[in-house]
Amino acid sequence: MGSKYPRSMRGCLPLWILTLEVALILVFFFFTNYDSSAKNQKKLMGTYGAIFQDVTVMVALGLGFLTSSLWRLGWSSVAFNLIMLALGVQWAVLLDGFLNQPSFGNVVIKLSRIQQATMSAMSVLISAGAVLGKTNLVQLALMTLIEVSAFGTLRMVGRQVFYMDDHTSMMHIHVFAAYFGLTVAWCLSRPLPEGEEKKDQMATSPSLFAMLGTLFLWMFWPSFNSALLDLPNERKNAVFNTYYALAVSAVAAISTSALTHPRGKINMIYIHNAVLAGGVAVGASCHLIPSPWIAMVLGLMAGLISIGGAKCLPVCFNRVLGIHDTCGVHYTFGLPGLLGGINYIVLMLQESWTKNPMISYQVLIDTGALSLSVATGLASGLLTGLLLKLKIWKAAPPAAKYFDDQAFWEFPHLAVGF
C-alpha cells in the first residue's frame with residue numbers, strides 16, 4: 001500500500017498554497033508592469049544579469065543542499081527550500097515595490113528589484129534551517145510571508161530612520177534570520193521520543209550533498225556581498241575581502257575541527273557551517289576594509305567562533321533553553337553576523353574619527369541598527385512561532401515523525417505507508 005498523507009494535509013496544502021498563488025497572480029496583474037525606460041538595457045542586463053545569476057545559484061542550490069545533511073530529510077530539505085524561495089521572491093518583489101515607491105501606483109519591475117527580492121527571500125531559507133523537519137509545507141509558506149514582510153519592513157526602517165544604504169541594510173539579513181529562526185524553533189520544539197534521536201543525525205551520502213551546497217555558497221558569496229554596491233572600487237574591495245575571509249575561515253574550520261577531536265579527526269558538520277562564517281562576518285564591512293589582513297583576521301575569528309558554537313551551543317540550547325537548531329543557523333549565521341555588525345561599527349568609528357564631529361551619534365546609530373535587527377528577528381519570530389502552534393495546522397508532523405521525509409513524500413517502493 002502506498003504512503004498515506006494525513007487527511008488535513010490533503011485539505012490544507014492545495015487550498016492554502018494555490019489560493020496564495022492565485023492572489024499573487026491577481027496582484028501582479030493589477031499593480032505591476034515591466035520597466036520600459038530608455039536606459040542601456042544591454043549594459044544593465046550584462047551587469048545585473050551576471051550578479052543575479054550568481055545570487056540565484058547561491059540561494060537555490062547553495063542553501064538548498066546545505067540543509068540536506070540529515071539522513072532521512074533530504075527530499076524535504078531541498079524541495080521545501082525551492083518552494084519557499086519561489087513564494088518569497090514573488091512576495092518580496094511586491095512588498096519592496098509598495099514600501100519604497102514615493103506614491104501609490106503600479107510597481108515597476110526591474111532586474112535589480114528581482115535581485116533584491118531574491119536576496120530578501122534568502123532570510124526565510126536561513127531561518128528554515130532551524131525548523132526543518134518539524135514543520136509542514138503550509139507552515140513554512142506562512143512563515144515565508146511573515147518573515148519576508150518583517151525583513152522588508154526592517155530594511156525600510158533602516159533606510160528611513162538610520163539612513164542606511166541598501167548594502168548595509170541587506171547585510172543584517174544573517175542576524176535577523178538566525179534569531180527569527182531560533183525563536184520559531186523555541187516555540188515549536190518538542191522532545192523526540194525515545195529511540196527517534198538517530199533521525200537527527202547525518203548520513204554519508206546526504207552529507208556529500210550538503211558539502212556541495214557549502215561549495216556553491218563558498219564560490220558565490222563574493223557576488224552576494226558585492227551585489228548592492230554601485231561604486232566599482234567598493235565592489236572590487238568587497239569581492240577581494242570576502243574571498244580572503246572565506247579562505248581563512250575554511251582553513252581555520254578544518255584545522256580547528258581536527259584540533260578539538262580527541263583523535264584529531266575532522267567533523268563534517270563543523271565544516272558545513274564554519275567554512276562559510278568568514279563570508280557572513282565580512283558582509284557589512286567588506287567594502288570598507290582597506291587591507292587584506294583585516295579581512296583575513298575577521299575570517300579567522302569567524303571560523304573559530306563558529307566551531308566553538310558548534311561544539312558547545314547545541315548542549316546549552318537543547319537542555320537549558322529547549323531550542324533545537326536543526327542545521328546550526330546560530331553558529332553559521334547568527335554569531336558570525338554579530339561579529340560582522342560589531343566590526344562594521346568599529347570601521348565606521350575609525351573612518352569617522354577625523355571627519356565627523358558627531359562620532360558618538362554615528363556609533364549610536366550603527367549600534368541601534370544592529371540591535372533593531374536582532375530585536376525584530378526575535379519579536380517577529382515569536383509571533384510566527386505562536387501562529388504556527390495553532391491547532392489549525394493539523395498536518396504538522398508528530399514528534400515521532402520529525403526529520404522524516406515519509407511524513408510528506410510518497411515512497412512507492414515501501415510496503416506500508418505513513
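Here is a short chat about the nonpolar cores and ring pairs of this model.

Visitor: Hi! What kind of model is this?
Guide: This is a predicted model, where local features need pLDDT of at least 70, side-chain atom pairs count only at pLDDT 80 or more, and totals for chains, interfaces and linings use all residues. Residues are numbered from 1 along each chain as its sequence is written, and side-chain values use heavy atoms, leaving out hydrogens and water.

Visitor: Which residues have the most contacts inside the largest nonpolar core?
Guide: They are L63, M119, M122, W221, F224 and F333, in a core of 94 residues. A nonpolar core is a set of buried Ala, Val, Leu, Ile, Met, Phe, Trp, Tyr and Cys residues joined through side-chain atoms within 4.5 Å; buried means under 20% relative accessible area with a 1.4 Å probe, protein chains only.

Visitor: And which helix gives the most to this core?
Guide: Helix 7 (residues 173-188), with eleven residues. Helices are DSSP runs of H or I, at least four residues, numbered from the N terminus.

Visitor: New topic: how many aromatic pairs are there?
Guide: There are ten, counting rings of Phe, Tyr and Trp (its six-membered ring) with centres within 6.5 Å; planes under 30 degrees apart are stacked, over 60 edge-to-face, the rest tilted.

Visitor: Why is the pair of W221 and F224 edge-to-face?
Guide: Their ring centres are 6.2 Å apart and their planes at 70 degrees, so the pair counts as edge-to-face. Both residues, W221 and F224, are buried.

Visitor: What about W221 and F333?
Guide: Those ring centres are 6.4 Å apart with planes at 25 degrees, so that pair is stacked. W221 is in helix 8 and F333 in helix 13 (residues 329-352), so the pair ties together parts 112 residues apart in sequence.

Definitions and conventions
Buried < 20%, exposed > 50% of the residue type's maximum accessible area, 1.4 Å probe, protein only. Helix = DSSP H or I, 4+ residues; strand = E, 2+ residues; numbered from the N terminus.
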